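Thanks for coming. I have one structure to go through this morning, and I will keep to a few places in it.

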Amino acid sequence: MATRHHDNTQAASHSTPIALRREPTPAASGIQVSSPRLDPDAPIPARYTGYGEGRSPALRWSEVGGARSYALLVEDPDAPSAQPFVHWLAWNIPADTRELPDDVRADAASQRPAGMREGRNDHGGIGWFGPRPPAGDPAHHYHFQVFALDAMLDLPDGATRDELLRNIDGRVIAKGELVATSEAPTRQ
């Protein structure tokens, strides 16, 4: 599955672009990001949304030689805010890890790779917060971004998007994304 890049005019109007497009995250190569649960540019199954069970979907990515760790950031640039809405951020995913299983939870270390840390989402919690776009909005786009880093990060659980981005500045050796969509269910 190829690395996906999605442009939309609503996202372009935001003053702070998604992490993958920010100047501090340049990379010489790409990462192929995929999921056995998500199809590129297709709706996220309800069980992974805030309208369903709110579970995190399984993710996979290609190996990057020289990576010391991986970071993950899931953002919605279609949210009505000055910067993309953060649904999940994680870092210090070990270099030998190529996937995360379904339903990774901050309160269940056994499901997380050893050493992985998770940050604060924009709903105020730690870990995954499933998409829940407002009723009546067109489909929102969710960017599942993976960054290969040349180091482990010295950040505690609960760090914010801005703290993560400051810490990966100059450390990204490869990056990629999978974009999927979600919208509020229609009433029958």
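A polar contact here means a pair of N or O atoms within 3.5 Å, where one must be able to donate a hydrogen and the other to accept it. Keep in mind that this is a predicted model.

I start with Asp76, which sits in strand β4, residues 69-76. Its side chain and that of His140 make a polar contact of 2.7 Å. A polar atom of the Asp76 side chain also lies 2.8 Å from the backbone nitrogen of Asp78. What about a salt bridge for Asp76? Asp76 is buried and has none; Arg21, the nearest side chain of opposite charge, is 11 Å away. Leaving out residues up to four places away in sequence, Asp76 touches Pro84, Phe85, His87, His140, His141 and Tyr142.

Next, helix α2, residues 161-168. Which of its residues are buried? They are Arg161, Leu164, Leu165 and Ile168. Viewed down the axis of α2, these buried residues fall within an arc of 95°, so they line one face of the helix. Their cover includes β4, the strand of Asp76, along with β5 (85-94), β8 (140-149) and β9 (172-182). After α2 comes Gly170, with a positive phi near 80°.

Last, the open sheet. Three strands are arranged in the order β2-β3-β6, and the pairing is antiparallel. β2 (33-34) and β6 (99-100) are the edge strands, each pairing on one side only. Between β2 and β3, residues 59-61, the antiparallel pairing runs over two bridges. Ser34 has Arg60 in β3 as its bridge partner.

Terms used. Residues numbered from 1 in each chain as written. Predicted model: local features only at pLDDT ≥ 70, side-chain atom pairs only at ≥ 80, totals over all residues. Heavy atoms only, no water. Helix = DSSP H or I, 4+ residues; strand = E, 2+ residues; numbered from the N terminus. Buried < 20%, exposed > 50% of the residue type's maximum accessible area, 1.4 Å probe, protein only. Lys, Arg positive; Asp, Glu negative; His and termini not counted. Salt bridge = Lys/Arg side-chain N within 4 Å of Asp/Glu carboxyl O. Contact = heavy atoms within 4.5 Å. Arc of directions from axis to C-beta. Pairing = 2+ DSSP bridges.
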